[in-house]
Amino acid sequence: MKELVVYQSKGKQLKFVFLAIVMVAASLLVFLTGIGSQDSRNIIFIAIGILGILFFGFCLLYIIKDFIVGKKILVVNEKGFYDYSSAIASKDFIGWERVQELGTYTIQGQVFITVFLFDGDEFIKSLPAMKRTAIKANIKLGAGHININTQAAKGISREEILHEMSIYFDEYLRKSSIVIEEISI
C-alpha cells in the first residue's frame with residue numbers, strides 16, 4: 001500500500017506567516033521605543049524588543065520554510081504513523097503494534113482523530129513536561145493518548161484520513177493474526 005502523507009493547507013500557513021510578521025513588527029516597535037526613550041526603563045524595552053525580534057524572526061523563517069516546502073501534519077504507512085499535527089504531537093514514530101484503538105474525539109466543537117495506546121503510560125512518560133500535562137488533561141476528558149488535529153489538512157477530510165488509518169491498522173491486525181495462528185499450529 002502507498003504511504004499516506006497529509007499536508008497542512010497553504011491558507012492556514014499563510015495566516016501564521018502574517019501573524020509572525022505582525023509580531024516581528026511589534027517587537028521592532030518595542031525596540032525602537034526603547035532606543036528613542038530617555039526613561040530609565042528604556043533598557044527593558046530594548047531587551048524585550050531584541051528578544052521578540054530574534055524569537056519571532058526565527059519563527060517567521062521557520063513558517064516561511066514550511067510554507068514553501070509544505071508542512072506535513074501526518075504520515076501513515078503499513079508500519080505505523082508520525083503525527084506532526086499540533087504543538088503537543090510527539091512527532092515520534094508510532095508503530096501499529098502499540099495501537100489499541102482508533103476513533104474520534106470531540107472537544108468544544110473540534111473533532112480529532114484519537115489513538116489509544118497499549119503502552120500509553122510509557123508513551124506519556126517519554127514526553128517533555130508541557131506535552132505530558134496537556135495529554136493527561138485530554139485523557140481525563142476522555143481522549144486517547146494521541147489526538148491528531150486534521151482541521152488544517154489539505155485536500156483530504158478527517159473521515160478519509162481515519163478511514164485510511166483504519167485500513168492500515170486492520171491490515172496490520174490481519175497480518176499479526178496470521179503470524180500468531182502459524183506459530184500456534
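Predicted model: local features only at pLDDT ≥ 70, side-chain atom pairs only at ≥ 80, totals over all residues.
Trainee: How do I read a nonpolar core, and which residues have the most contacts inside the largest one?

Mentor: Think of buried nonpolar residues joined through side-chain atoms. Here the largest such core has 25 residues. F81, W96, V99 and M165 have the most contacts inside it.

Trainee: Which elements give two or more residues to this core?

Mentor: The strands are β1 (4-7), β2 (72-77), β5 (99-107), β6 (110-117) and β7 (146-148). The helices are α3 (120-125) and α5 (158-184). The largest share, five residues, comes from α5.

Trainee: What does W96 touch, leaving out residues up to four places away in sequence?

Mentor: Its partners include V76, F81, L102 and M165. Also among them are Y168, F169 and Y172.

Trainee: Now K154. Is K154 buried, partly exposed or exposed?

Mentor: Buried means under 20% relative accessible area, and exposed means over 50%. K154 is at 49%, so it counts as partly exposed. K154 sits in the loop between β7 and α5.

Trainee: How far is K154 from S9, in sequence and in space?

Mentor: They are 145 residues apart in sequence, but their C-alpha atoms are 4.4 Å apart. K154 touches S9, and also Y7 and Q8.

Trainee: Where is S85, and is S85 buried or exposed?

Mentor: S85 lies in the loop between β3 (80-83) and β4 (93-95). Its relative accessible area is 11%, so S85 is buried.

Technical notes. Residues numbered from 1 in each chain as written. Heavy atoms only, no water. Core = buried A, V, L, I, M, F, W, Y, C linked by side-chain atoms within 4.5 Å. Buried < 20%, exposed > 50% of the residue type's maximum accessible area, 1.4 Å probe, protein only. Helix = DSSP H or I, 4+ residues; strand = E, 2+ residues; numbered from the N terminus. Contact = heavy atoms within 4.5 Å.
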